[in-house]
Amino acid sequence: MQVEEKKEFRPKIVAFCCNWCSYAGADLAGSSRLGYPADVKIIRVPCSCRVNPMFILRAFERGADGVILCGCHPGDCHYSTGNFYARRRMTLLFSMLDYIGVENGRTRVEWVSAAEGAKFSATMNEFVEKIRSLGENVRLGDLRCKS
Amino acid sequence: MQELITRAKELLADGTAARVLGWRRGDLPYNPEPAFFEKEEDFDQFVYDGFCGANLSKMMIEASKLEGKTVVFLKPCDTYSFNQLLKEHRVDREKAYIIGVGCRGKLDVEKIRAQGIKGIQEIEGTELDGPEELTVKTIYGDQTVSYASAMLGRCHVCKGKEHRIYDEIIGESRETKDADRFDEVRAIEAMSPEERFAYFKKELSKCIRCNACRNVCPACSCRKCVFDSTKFDSAQKANVDSFEEKMFHVIRAFHVAGRCTDCGECSRVCPQGIPLHLFNRKFIKDIDELYGEYHAGEDAESKSPLTDYRFEDAEPGIVGERG
Amino acid sequence: MYKIAKNDLRALFRAIAGERELYLPVKTAGQVNFAAWEEDAEVSLDTLKTVKSPKDAFFPQFETLYMCRTEEKKLQIQPQALKDKEFVVFGMRACDVQGVKVLDKVFLSDPVDSYYRARREHGILVAIACHEPEESCFCKVFGVDAAEPDADVAAWMIGEDLIWKPLTEKGERLTESVKELLQPADGAEEKVQKEQEQIRAILEKLPYTHLSLEGWNGDATDEKFNSPVWETLYKPCLGCGTCTFVCPTCQCYDIKDYKTADGVQRYRCWDSCMYSDFTLMAGGNNRTTQLQRFRQRFMHKLVYFPANNEGMYSCVGCGRCVEKCPSALNIVKVIKAFEKQGGGENV
């Protein structure tokens, strides 16, 4: 007899977090025992501005279902202006992804300070929920990287 | 054309310049190539007609490294590229003597072929002061087509016939603009995400990764391209559709966002006829809408939108909100 | 000889595709390239030159060679299966067929390329004579007859019919399998002959037909290599790979690994001698300037290849590079430049 296995879709989420604010925010979420799904894999970057559009596309290519970038609030960047540049870049990139027909909502930018553990947790929960509703990333993935 | 040759020879003779960058006559009516002219007799081969679409400004990067000045012929749209290269310190203004040449739109032989014309032997009426109609002589008989119908797509949405940087101007231009340059982008934006995805998939799956779009682009002047890097493990030379569709062309356009002057060379050279300008133009349209109207290459001083910011800039979430 | 009405070609394609894979010129997003036949494919047999040549059918731009996996600490290597089913490439041109013969010299001589050989053994070529050759064609220069393609099946489009003539055993076999769709064409020889005369008359009028290859041979290595002509010739070259990728005879490739979710994929893909990272080694590259790369391509086609292959040039005169080079360079301009400026014997 064959048992029909019903697997729940567990999205793969990549979160780029800046070292100074958002990564510390994630830490705070942890030490405050605020939960967020284990589907979120955090990659620490020195500044949100370090994230090159290619990082995002490559994450998708290699199987991510959603990519989120977190940095200091505008005006609070450790390097003064890094996140301003990141903001413009990501706006244009997301708009381009929308233009080539990739579902809206697979990408997101959120500003999370070191004091906002609760915001980090809430954002991640919300984002994972959103990606779950969008389902698997088919349009941006590379077939060769699918298992 | 004779005026250009005479002036170029003068500049060589009086020692102002060491060489001239222009176009050499091809062996078919439609294939002149960019070329350097150093000696008086070389000019027998000089040509400037409707098929001289190549943007010579990128060649000035190499010419700037040579001894002495180079006389370069730039069409109005090429001067934008030159300005942009100047802004990025890729060319040396002191090494260039710019002669702005008139333009009445550049021709695309594929547009002539698309009208069912085969076996082209001669094309008359391609010169700058020529008639509004081209006479195409073929081995299968003569035909006429209108100049406008044989023009490159980019000329229909011309930025204007004003030279942005020059030492002198020779030749009259004629207006060619008859469409809004963002119309094509708007038409795609109006589609559903599924339609857009299908559209780009169809177009980009033709890509053969020949890199002509990258190599011809005056804004693509990195000494080492990220797609040539041996450290970058992604497909590189392999023409894997999924890579081209989702990575290569988006990144190619992104790398020139805010610097692209919309010269249209990428679409002109694509052997598979992929409308690559649609990517660049989308970025330009977004920049205009979000950060204020900006023409890369209009001048050589202003800050590019991606190296600038405002505190009150839109958040990336605006993309979803706009719908 | 047989014939089939042009209107019935769809039925013929359907019949061929029923038994074998069928590749033919298909228009997608405005461009015609060889692709697998589908019921709703927009077949364009009138297109003289597909953008890419049909060499893909035998030597694909990208192909997996094998997969590597580790299973229980042991390395498993799984070679890609070789082609084992017959397929048909319909609508090639005489020059394309000659291109395959050039590739044969490379891939079927020792050491034999098994992937290529398998495809070659299972591929059936159906080539159509060129009803209306164009100005960029110069196949005649390389001894190719556009009026009489030398394939498994030769075909001519005459009036409302396609005349079908099997030339080899493979061609006979294909003919046998679609026989109910073909009618015997009595008296077609005469028609074909007339068409051939017409084609040859047009070929005579083409601007490149009388191009001279004098001085281009396997013995010309040094004098051509050292000629100053290259110094001006290469200048407009962008170093893109368009010419090499649309060419029916360019056969250089690169082998690379890609880490997939399912192990490491070793693949090969076309490479281009125009690229700065072509044959890059740990110690650097042996051709460091675009001049050297540009020279290499034409020296290979017109000098080195004939030197190693009984005088066979690795250019077939299809003219794709003439039409597609972004800088309007091409092999004809190279030959002519040597003719004009010396450096060859025929100064």
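How many residues of domain 1 of chain C are in contact with how many residues of domain 2 of chain C? The answer is 30 residues of domain 1 with 28 residues of domain 2. Two residues are in contact if their C-beta atoms, placed from the backbone, lie within 7 Å.

This is a predicted model: local features need pLDDT of at least 70, side-chain atom pairs count only at pLDDT 80 or more, and totals for chains, interfaces and linings use all residues. Residues are numbered from 1 along each chain as its sequence is written, while chains are lettered from A and ligands numbered from 1 in the order in which they are written.

**View 1. The two domains of chain C.** Chain C is divided into domain 1 (2-205) and domain 2 (221-341). These bounds come from an automatic or database domain assignment. The C-alpha centres of domain 1 and domain 2 of chain C lie 25 Å apart. On the side of domain 1 of chain C that touches domain 2, the elements giving two or more residues are S4 and helix H2 (94-107) of chain C. By class, that side of domain 1 of chain C has 17 nonpolar, six polar and seven charged residues. Ala, Val, Leu, Ile, Met, Phe, Trp, Tyr, Cys and Pro count as nonpolar, Asp, Glu, Lys and Arg as charged, and the others, Gly among them, as polar.

**View 2. Chain C as a whole.** The secondary structure of chain C comes to 11 helices and 12 strands. Helices (H or I, at least four residues) and strands (E, at least two) are DSSP runs, numbered from the N terminus. The radius of gyration of chain C is 22 Å, close to the 20 Å that the globule rule gives for 347 residues, so chain C is as compact as a globular protein of that length. That radius is taken over C-alpha atoms, and the globule rule is 2.2 Å times the number of residues to the power 0.38. Along the principal axes, the C-alpha atoms of chain C fill a box of roughly 70 × 60 × 40 Å. Of its 347 residues, 44% count as buried. A residue is buried if 20 or more other C-beta atoms lie within 10 Å of its own, exposed if 12 or fewer, and partly exposed in between, with C-beta atoms placed from the backbone. Among contacts in chain C with a separation of 6 or more, 71% join residues 24 or more positions apart.

View 3. Strand S4 (residues 62-71) and strand S5 of chain C pair in the antiparallel sense over six bridges. Two strands pair if DSSP finds at least two bridges between them. C:Tyr66 has C:Pro79 as its bridge partner in S5(C). Two residues lie between the strands of this hairpin, where C:Glu72 takes a positive phi near 50 degrees. Of the six residues of S5(C) (residues 74-79), the number buried is zero, so this strand lies largely in the open.

**View 4. The eight-stranded sheet of chain C.** The sheet is open, with mixed pairing and the order S3-S2-S6-S7-S8-S9-S1-S10. Strand S3 (31-36) and strand S10 (183-184) of chain C are the edge strands, each pairing on one side only. Strand S8 (residues 153-158) and strand S9 (residues 161-166) of chain C run antiparallel, joined by six bridges. C:Ile158 has C:Asp161 as its bridge partner in S9(C).

**View 5. Chain B against chain C.** The contact takes 36 residues from chain B and 38 residues from chain C. Strand S2 (33-37), strand S5 (120-124), helix H6 (193-204) and helix H7 (212-216) of chain B each supply at least two residues of the chain B side. S2(B) gives the largest share, four residues. By class, the side of chain B that touches chain C has 18 nonpolar, 10 polar and eight charged residues.

**View 6. Helix H3 of chain A.** H3(A) (residues 82-99) has 18 residues and reaches 26 Å from its first C-alpha to its last, close to the 26 Å expected at 1.5 Å a residue. The expected span is 1.5 Å times one less than the number of residues. H3(A) is mostly covered, with 17 of its 18 residues buried. A:Gly101 follows H3(A) and has a positive phi, near 95 degrees.
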